[in-house]
Amino acid sequence: MEKHKPNHAGTSASSREEPARQPVRLSIFGRLTVGFLAIIVVVAAVSTFALYQIRQIIEQSTALVSHHYPAIDAAQWLLSSVYAQERSDREYLAVGDPVFLKRFREESDEYRRILVSLKELDVSQESRESLIEAEALQEQYRMLFNRHAKLKASASREKMTEYESRRKALIGQIATALQSSLDIHERLVAGALKDSVRRSQQTERLTTYFVIAALILGVGFAGLATYSILSPLRRLQEHIR
């Protein structure tokens with residue numbers, strides 16, 4: 001009978017044990033490097049965010065100074081100019097002095113010049129539409145005054161009453177249109193200021209969080225590095241003992 005020979009090759013192959021894979025461990029220098037990189041990333045994120053918010057606040061402040069505040073001042077001046085024109089109108093019709101007629105025309109011309117300049121610089125379409133309306137209404141008022149001033153001497157009481165009624169209506173409509181433009185810019189200013197305060201508070205809050213996170217990371221990695229240095233020393237001391 002034939003005897004089967006044991007398969008020594010298979011036995012020896014199966015008896016071999018694969019070497020255990022050792023986990024990758026960072027050196028002390030590697031851990032410190034990772035820690036410093038993490039802190040740098042956090043600080044860079046804080047700086048980038050803060051610079052972005054500061055840039056937005058500066059742009060809003062520039063818009064307030066260059067657009068909205070001058071528009072508010074100009075709209076307030078136009079309102080006062082309308083009432084000044086009405087006052088010169090009344091004084092001329094009451095006294096007939098050419099000085100008041102000249103004053104009315106000067107005020108009217110200056111009003112139109114300022115309004116055209118404001119209309120060209122206005123960044124709000126809604127406000128610009130109100131200014132266009134105010135310009136057209138003031139032109140109607142100017143033409144109404146010029147026609148009535150020529151007929152002042154022969155105008156009847158009824159005509160005078162009708163003129164005063166139309167003048168009052170036009171002045172009210174002009175004032176409403178100018179006040180609408182003024183209100184729009186005041187709302188834009190209030191919104192911009194509110195947004196600037198919100199951005200400032202958000203920047204301050206997130207900067208505080210990021211700084212705390214950076215400190216925690218710094219302390220954590222410093223502790224880890226200290227442990228990595230002292231642990232081998234302790235094991236060496238125990239071995240010596």
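## Helices and buried residues in a predicted model

Of the 241 residues in the protein, 31% are buried. The structure is a predicted model. It contains 5 helices and 0 strands, and its pattern along the sequence reads α-α-α-α-α. Among contacts between residues at least 6 apart in sequence, 78% join residues at least 24 apart.

Helix α3 covers residues 98-121, which is 24 residues. From the first C-alpha to the last, α3 reaches 35 Å, close to the 34 Å expected at 1.5 Å a residue. At the start of this helix, a side-chain oxygen of aspartate 97 comes to within 3.0 Å of the backbone nitrogen of valine 99. The buried residues of α3 include Phe100, Leu101, Phe104, Tyr111, Leu115 and Leu118; Glu107, Ser108 and Lys119 of α3 are buried too.

How do the axes of α3 and α4 cross? They come within 10 Å and cross at roughly 160°. Angles over 145 degrees count as roughly antiparallel, so α3 is roughly antiparallel to α4. The crossing of α3 past α4 is left-handed. Residues of α3 that meet α4 include Leu101, Phe104, Tyr111 and Leu115, and among the α4 residues they meet as a group are Leu131, Ile132, Tyr141 and Phe145.

**Two buried residues**

Aspartate 89 belongs to helix α2, residues 28-95, and leucine 137 to helix α4, residues 125-150. Are these residues buried or exposed? Buried means under 20% relative accessible area. Aspartate 89 has a value of 0% and is therefore buried; leucine 137, at 9%, likewise counts as buried.

| Residue | Helix | Relative accessible area |
|---|---|---|
| Aspartate 89 | α2 (residues 28-95) | 0% |
| Leucine 137 | α4 (residues 125-150) | 9% |

Which residues does aspartate 89 contact, leaving aside its neighbours within four places in sequence? They are Phe104, Tyr141, Phe145, Tyr163 and Arg167. With tyrosine 141, the side chain of aspartate 89 makes a side-chain polar contact of 2.9 Å. Phe104 is also one of the buried residues of α3, and Phe104, Tyr141 and Phe145 are among the residues listed where α3 and α4 meet.

Leucine 137, again leaving aside neighbours within four places in sequence, is in contact with Leu170, Gln173 and Ile174. Leucine 137 and leucine 170 are 33 residues apart along the chain, and their C-alpha atoms are separated by 6.5 Å.

Methods:
Residues are numbered from 1 along each chain as its sequence is written. This is a predicted model: local features need pLDDT of at least 70, side-chain atom pairs count only at pLDDT 80 or more; totals for chains, interfaces and linings use all residues. Side-chain values use heavy atoms; hydrogens and water are left out. Helices (H or I, at least four residues) and strands (E, at least two) are DSSP runs, numbered from the N terminus. The expected span of a helix is 1.5 Å times one less than its number of residues. Buried means under 20% relative accessible area, exposed over 50%, partly exposed in between (1.4 Å probe, protein chains only). A polar contact is a pair of N or O atoms within 3.5 Å; within protein, one must be able to donate a hydrogen and the other to accept it, and residues adjacent in sequence count only if both atoms are side-chain atoms. Contact means heavy atoms within 4.5 Å. Axes are lines fitted to C-alpha atoms, for helices over the stretch in contact, and angles run from 0 to 180 degrees between N-to-C directions. Angles under 35 degrees count as roughly parallel, over 145 as roughly antiparallel, 65 to 115 as roughly perpendicular and the rest as oblique. A crossing is left-handed if the near helix is turned anticlockwise from the far one by less than a right angle, and right-handed if clockwise.
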